[in-house]
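Here are a few notes to read beside the model. Keep the sequence and the 3D view open as you go.

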Amino acid sequence: KDGVRLSHLSLNKFKTVQFQLRFFASLNAREATIRSLMFQMLKAKTTRYPSRRMMSQQTEKLYDLHLSHTQSVMGEAHVLTQSVRFAHPQYLQDKQYYHDVMTFVHQVLHQPLFDENTLAQEKQFIKDYFDSIYASKARYASKLFWDHMLEGHPDHISAYGDVAYLDGITLDDIHEAYQSMMTKDAVHMSLVGDLEGLSTLEAFFDAFGLASREPIWPSFMHQVAHQPLTHRYVVDQVTQERLFIAYDCPVFPGDAAYYVAIVMNQILGDGSESWLFQDIREKHSMAYDVHSSLSPAWGLLTIQAGLSYENLDKAINIVEHTIDRLKTHPVSDEDLSLAKKTLRHGVAQSYDSPRVLSYRMMREDLLAIPFALENILERIDAVTALDIMRLAKQLKRLTIFTLGGHDDGQTQLQSL
């Protein structure tokens, strides 16, 4: 409606109503930094509740209404998400409650109180966030890996933007970003809950007071041919080597082979029963941790491990041997059945979470990924050993990246 996309799932099995309001804009580092600051300032205070304490007191009065503002990256999109969860009024003796909730949400969106003090506080919060990444070597290694893997792509930009821009951002920038979000951003709203007796869907939407718009939706994925990159070893003070191996896996959300990739990844390295975990950790005791993960928005499969420098070459060789095994030998019926059983359980369990349901509705609407549980389970069950071998043959190693503590590490990687 009015250029805003809306997904609604009417369920009465939850005692709450939950919605996510997502604002999408094209991704670049400076704008992401400004937008992240603005969106957090929006939640900090309003003209009606001009302090963080007063905002907190009001959410408590609304029976501990949950309000959160987060930022994320989807392909080439910077996404700002307002999440609200409140008790269904049928469980409360308060006829004014629903009206009070919607009034409060409207105030958060339309009555911002942007000031220098809050801007300075939010800048410091973002600086602290980036400092915390370096403090955790696992997170720092992951950041360096993605910077290496996605250099030149907008995707490598953090959802918080870039700390280098923070000091130069002014209140005028914040106001401009706010106006752009409220009038130009592409918007998706997902609602999980029963509105019967509360409101019509149209009246619920109108309560937000969103301006009519003709949005341009950013791309949510990079369907490009990846090129091999030079292996890279970064030296730092670490207690173990952080290994990343990236493979081109040309499957994207909505593709016919999407669920083939999910089942393949489950067998390869997603869980304690996976091939990599059993071989590298359990059998050879080489790694403290090893797992694989899919990044469908980028068409990538990544294997990560934490291990000693002495085991680096051996672990890489085992990974390569395991990938070759996927390409040349059909997975066993036992492995296939176990992977499907694990995935089916996880998917079915996720449908008990309003937050996950909201996210799945958004994915169906924007990425054409089926929402219905039965549809997803059928697609998982339909995957065959031949499907997996066929997809595995398309895997191509792109790069090896390691954060470690040895000066000769780069030479070691280049020899592989």
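1. Start with a pairing you can find by eye. D248 stands opposite L300, a residue of strand β9. Bear in mind throughout that this is a predicted model.

2. Now widen the view to the two strands. Strand β9 covers residues 300–307, and β7 pairs with β9 over eight bridges. The sense of this pairing is antiparallel.

3. Which other strand pairs with β7 in the antiparallel sense, over seven bridges? That strand is β10, residues 396–404. For a landmark, take L243: its bridge partner in β10 is T402.

4. Searching the whole structure for cavities of 30 Å³ or more turns up one. The largest cavity holds about 40 Å³ of space.

5. Which residues line the largest cavity? They are C249, V251, Y258, A261, I262, L294, S295, P296, G299 and L300. Two elements give two or more residues each to this lining: α8 (258–269) and β8 (287–295). The largest share, three residues, comes from α8.

6. Eight of its residues are nonpolar and two are polar. No charged residue is found in the lining.

7. Finally, link the two parts of this note. L300 of β9 stands opposite D248, and L300 also lines the largest cavity.

Terms used:
Residues are numbered from 1 along each chain as its sequence is written. This is a predicted model: local features need pLDDT of at least 70, side-chain atom pairs count only at pLDDT 80 or more; totals for chains, interfaces and linings use all residues. Side-chain values use heavy atoms; hydrogens and water are left out. Two strands pair if DSSP finds at least two bridges between them. Helices (H or I, at least four residues) and strands (E, at least two) are DSSP runs, numbered from the N terminus. On a 1 Å grid over the protein atoms alone, a cavity is a set of points where a 1.4 Å probe fits but cannot get out, and a pocket is an open set with protein on both sides within 12 Å along at least five of seven lines; lining residues have an atom within 4 Å of a point. Grid points are joined across faces, edges and corners, and a volume is the space filled by probe spheres set on the points. Ala, Val, Leu, Ile, Met, Phe, Trp, Tyr, Cys and Pro count as nonpolar, Asp, Glu, Lys and Arg as charged, and the others, Gly among them, as polar.
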